[in-house]
Amino acid sequence: MTDSISLPAHHWPALEPGWVWLCGAGPGDPGLLTLHALNALRQADVIVYDALVDERILDWAPEAEKIYAGKRGGKPSAKQRDISLRLVDLARAGRRVLRLKGGDPFVFGRGGEEAQTLVQHGVRVRIIPGISAGIGGLAYAGIPVTHRDVNQSVTFVTGHDQSGETPASLDWAAISRGSQVIVIYMGMKHAAAIAKALLAAGRPGAEPVAVVAGATTPTQQVLETRLDRMAEDIAASRLEPPAIICIGRAALMRQVLDWQGQLAGEPPRDLDPLGRGRPAEQG
Ligand code: SAH
């Protein structure tokens with residue numbers, strides 16, 4: 001346990017030997033962890049973590065054994081089945097297991113599959129949600145995923161399926177018609193195909209797009225572009241995954257809400273990027 005990190009008084013659950021806590025670590029900034037995640041870090045004796053988990057978070061559990069279960073530095077990724085069975089083995093060995101995943105464990109993170117395997121093997125689990133990159137990552141770029149003047153719904157899409165291709169099951173025409181704001185995870189590799197499909201489905205070429213790479217981390221970068229130039233601008237920008245692509249007029253809000261730019265001394269570019277005046281002051 002790390003004495004320097006204390007939790008407020010509360011009936012915190014105990015991570016018992018033989019249990020696995022499946023926990024979201026948020027998109028990067030350690031400050032975006034939940035208190036349940038911190039409670040888990042303080043008790044785990046083994047942490048199985050993914051590539052997207054910020055190293056600074058692991059430092060908060062100095063005594064726990066750390067097992068890397070992701071893809072980094074060109075090494076092949078651990079197979080999902082192997083990871084799940086490893087968790088079963090660790091639990092059966094009586095360890096206090098923390099399975100730490102980037103963002104939220106149940107959002108495009110295969111957390112549902114892992115948890116199911118654990119339960120099928122009789123292992124007790126607790127699920128600790130986290131802040132997903134498609135919400136919190138965009139907030140760090142000054143983009144609200146919903147805004148009354150823009151959208152009444154938001155669609156979260158994965159740009160990859162299990163084969164690594166653009167998911168064939170996605171009905172881009174329906175997504176295009178039904179959702180004013182589309183938030184794409186894992187979309188960098190297939191950005192050109194995604195843009196083409198949306199344009200073919202009738203989305204305007206001038207539609208605003210923001211790409212947020214390394215959101216909430218010290219290396220966060222944001223590219224502002226438009227749908228018909230998105231793929232070439234991404235390629236020219238050399239932005240690297242992980243990145244979230246936000247398609248829709250919500251991206252314009254960054255012009256007034258880029259709070260990190262404002263912290264660095266930049267003035268807001270446009271106080272009214274949606275052209276709505278100041279409705280709250282007009283009664
Ligand atoms: N469970 C995670 C998503 C895992 S899928 C979550 O809820 O956020 C991996 C994808 O998430 C990446 O390809 C990228 O699209 C997105 N992602 C995760 N962390 C990110 C970050 N810090 N910045 C931008 N995108 C991120």
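Domain bounds here come from an automatic or database domain assignment. In this predicted model, that assignment divides the protein chain into domain 1 (19-131) and domain 2 (134-274). The C-alpha centres of domain 1 and domain 2 lie 28 Å apart. Where the two domains touch, nine residues of domain 1 and 11 residues of domain 2 take part in the contact. On the side of domain 1 that touches domain 2, five residues are nonpolar, two are polar and two are charged.

The ligand brings both domains into the picture. Domain 1 and domain 2 each give at least three residues to the shell around the ligand. Of the 25 residues around the ligand, those that come nearest are Gly-103, Gly-109, Ser-132, Ala-133 and Ala-215. By class, the shell holds 14 nonpolar, nine polar and two charged residues. At least two residues of the shell come from each of helix H5 (133-140), strand S8 (208-213) and strand S10 (243-247).

Helix H5 deserves a separate look. Seven of its eight residues are buried, so H5 is largely enclosed by the rest of the structure. The buried residues of H5 are Ala-133, Gly-134, Ile-135, Gly-136, Gly-137, Leu-138 and Tyr-140.

What do the buried residues of H5 pack against? Their partners are strand S6 (154-158), strand S7 (181-185), S8, S10 and helix H10 (259-263). Just after H5, Gly-142 takes a positive phi of about 80°.

Note on methods
Residues numbered from 1 in each chain as written. Predicted model: local features only at pLDDT ≥ 70, side-chain atom pairs only at ≥ 80, totals over all residues. Near = placed C-beta within 6 Å. Helix = DSSP H or I, 4+ residues; strand = E, 2+ residues; numbered from the N terminus. Nonpolar A, V, L, I, M, F, W, Y, C, P; charged D, E, K, R; others polar. Contact = placed C-beta atoms within 7 Å. Buried ≥ 20, exposed ≤ 12 C-beta atoms within 10 Å, placed from the backbone.
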